[in-house]
Amino acid sequence: MVEEKSGFYIVFIEHSAFRNIVIHTAQYAHFDMKVKNWKEVYGFLIGYIDEDTKWTHITDAVPITHGTHYGVEFKKEHYVLSAYLNLMVAENDEFYVGWYHSHPGLGLFLSQTDIVNHLGYQVVNPKAIAMVFDHTKLIQKEPPIEIFQLDNPTFGVSSNYHSIEYYIGGIKKDKEIEIIKELYYEIEPDCISGKITSIEKTVRRVVRKWKGERKIKLPKKDLYKKKKKRGIKQSFGPFFE
Ligand SMILES: [Zn+2]
């Protein structure tokens, strides 16, 4: 059953966007790598809200960075990259509909840090979503992704959250686990052998080119500012205002 809490229920992910997420996660955590070397990855979900169906349509997933086994920290360069990327996607009347990150071997849930992070998105966009990916779920024959939203962001860090129904382009729901597993095992060897170049680097290249072509240079004050809200350092804000 679809939960109806925040007035926003179904997410559609383009196949190519989902593929990016699989590549990004597999480049930093795969079955051929020692578990202690697995790293979390973090990226943005780009898209729009369909006026008629009210579905969130994810057209692209943009890999930004990776961290340690248990978390990802946003550094100055990532804020700068995000600010330009935000302008770039706005050209297509799209925006950050949410974010994704991986929990390699940790399960599908939102940690306290994830909730703080997500508040930065959902306070600004009530329909913002957080997608979590854990490739190890595939061995257990379970879906490796779950999409979350806070029940009521006004509760801040003590907000509860719920899952949202989603569809991935070209993947039938009843065959989902099987097909994602196939896709993962198809991508993993290419990531290991380096056949697929670093997807984070590819993003940087694309943004640099776009920036160069338009000769855009954002003033420093628009690129990075730390926000303190009720004593909590918020990771996000400047790009959604
Ligand atoms: Zn997390």
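1. Two strands are said to pair if DSSP finds at least two bridges between them. Helices (H or I, at least four residues) and strands (E, at least two) are DSSP runs, numbered from the N terminus. In this sense V41 stands opposite H66 in β3.

2. On the basis of the note: the model is predicted, so local features need pLDDT of at least 70 and side-chain atom pairs count only at pLDDT 80 or more, while totals for chains, interfaces and linings use all residues. Residue numbers start from 1 along each chain as its sequence is written.

3. The barrel. A barrel is closed by 7 strands in the order β1-β3-β2-β4-β5-β6-β7, with mixed pairing. Direction ignored, neighbouring strands of this sheet are turned by 35° against each other on average. Axes are lines fitted to C-alpha atoms, for helices over the stretch in contact, and angles run from 0 to 180 degrees between N-to-C directions.

4. Strand β2 and its partners. β2 and β3 run antiparallel and are joined by 9 bridges. Their hairpin has 6 residues between the strands, and K54 there takes a positive phi near 70°. β2 also pairs with β4 in the antiparallel sense, over 6 bridges, and Y42 stands opposite H101 in β4. Is β2 largely enclosed or exposed? Because 7 of its 9 residues are buried, β2 is largely enclosed by the rest of the structure. A residue is buried if 20 or more other C-beta atoms lie within 10 Å of its own, exposed if 12 or fewer, and partly exposed in between, with C-beta atoms placed from the backbone.

5. Strands β5 and β6. Strand β5 (residues 129-133) runs antiparallel to strand β6 (residues 145-150), and 4 bridges join them. V132 has E146 as its bridge partner in β6. The loop between β5 and β6 contains K141, which has a positive phi of about 55° although it is not a glycine. K141 counts as exposed because it has 9 C-beta neighbours inside 10 Å.

6. Helix α3 and the sheet. Helix α3 (residues 112-122) lies across β4, β5 and β6 and runs at about 65° to β6. Contact between two residues requires C-beta atoms, placed from the backbone, within 7 Å.

7. Helices α2 and α5. The axes of α2 and helix α5 (residues 199-214) come within 10 Å and cross at roughly 65°. L81, Y84, L85 and M88 of α2 make the contact with R204, V207, W210 and K211 of α5. These residues divide into 6 nonpolar, no polar and 2 charged; Ala, Val, Leu, Ile, Met, Phe, Trp, Tyr, Cys and Pro count as nonpolar, Asp, Glu, Lys and Arg as charged, and the others, Gly among them, as polar. Y79 is also found in helix α2, and Y79 is partly exposed because 18 other C-beta atoms lie within 10 Å.

8. The core. A nonpolar core is a set of buried Ala, Val, Leu, Ile, Met, Phe, Trp, Tyr and Cys residues joined through C-beta atoms within 7 Å. The largest one has 51 residues, and L45, I129 and M131 have the most contacts inside it. Helix α1 (residues 15-28) gives the most to this core, with 7 residues. Leaving aside neighbours within four places in sequence, the contacts of I129 include V11, L45, V97, I147 and F148. In soluble globular proteins, nonpolar side chains tend to be buried together.
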